[in-house]
Amino acid sequence: MDRWVGKTALVTGASSGIGAAIAEDLVKNGLQVVAVARRVKKIEELGRRLIGAKGILYAKKCDLSNENDILQVFAWIKKHFGGVDVLVNNAALIVPALLTDGETEGVERMMTVNVLAAAITTREAVRSMKERKFAGHIFNINSVRGHYLGGYEADYESLYPATKFALKAMTEVTRKELVLAKSKIKITSISPGIVKTEFPNASGKEFFSPELLASIPRLEAEDVAKAVNYALATPPHLQVCELLIRAVGETF
């Protein structure tokens, strides 16, 4: 990880859970991390806890459903640090509804944040890396729901699994484009199973009862951060394209 010390990472959806854990791990490894979310005060709290760490956390408010917000963040990073060296597309949401009986607005929100925002940030990060001829690294935090449907059945997922399948495909499309461009930029998709975060029930819809959640083997957010760390620490010639991680005993 020494070669990443002092480099600049952008982490989306960093106000809690997996995003916060990834941002914290990168800061502790010496990166200057620009962490973005709508709930920026939570990121600022994390930044205060990380004072004195090897790296620095910068909190920026960003609504990922707004392309202008995203572009402003990239412009700010370019002005202050030169560009993005590591991108972690972590932000995602789920709008509880049936696909066959839901509102269009919810479907649009999931597609915008889970897919379109990741496409925009990836485009901007690649442009930044190419401009500086830097072999950076892009991460898409996916899900086992981006690989198959089964296990514990949660109703009202609507288009959420489809957005994760799209993210998996987008990762491979990006990898192939980078190969054709003869670029050394890496891209990795990390797909965790159920993680101990607020996400499953964050939308207000109780997908899993507290009793069921307590009975399901789950990963810690820090486990996903360690997966990012592992892929980031690989030598320049080696690319981890996909990591699928689950807690031992999980059937989701």
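Q: How are α3 and α4 oriented to each other?
A: In this predicted model, where local features need pLDDT of at least 70, side-chain atom pairs count only at pLDDT 80 or more and totals for chains, interfaces and linings use all residues, let's start with two helices, which are DSSP runs of H or I with at least four residues, numbered from the N terminus. Residues are numbered from 1 along each chain as its sequence is written, and side-chain values use heavy atoms, leaving out hydrogens and water. Helix α3 (residues 67-81) and α4 pack at an angle of about 25 degrees with axes 10 Å apart, the axes being lines fitted to C-alpha atoms over the stretch in contact and the angle running from 0 to 180 degrees between N-to-C directions. Angles under 35 degrees count as roughly parallel, so α3 and α4 are roughly parallel.

Q: How many charged residues does the contact of α3 with α4 have?
A: Contact means heavy atoms within 4.5 Å, and Glu67 and Lys78 in α3 are among the residues that meet α4, where the partners include Arg123, Glu124 and Glu131. Asp, Glu, Lys and Arg count as charged, Ala, Val, Leu, Ile, Met, Phe, Trp, Tyr, Cys and Pro as nonpolar, and the others, Gly among them, as polar. By class, this contact of α3 with α4 has six nonpolar residues, one polar and, for charged, five.

Q: How many charged residues does the contact of α4 with α5 have?
A: Among the residues of α4 that meet α5 are Met110, Val115 and Ala118, and the α5 side includes Leu167 and Met170. By class, the contact of α4 with α5 has eleven nonpolar residues, four polar ones and, for charged, none.

Q: Is Ser128 buried or exposed?
A: Ser128 lies in helix α4 and touches Gly83 and Val84, not counting residues up to four places away in sequence. Buried means under 20% relative accessible area and exposed over 50%, with partly exposed in between (1.4 Å probe, protein chains only). The relative accessible area of Ser128 is 9%, so Ser128 is buried.

Q: Which residue stands opposite Ser191 in β7?
A: Four bridges join β6 (residues 186-192) to β7 (residues 242-245), and the two run parallel; strands pair if DSSP finds at least two bridges between them. Opposite Ser191 stands Leu244.

How values were computed:
Angles under 35 degrees count as roughly parallel, over 145 as roughly antiparallel, 65 to 115 as roughly perpendicular and the rest as oblique.
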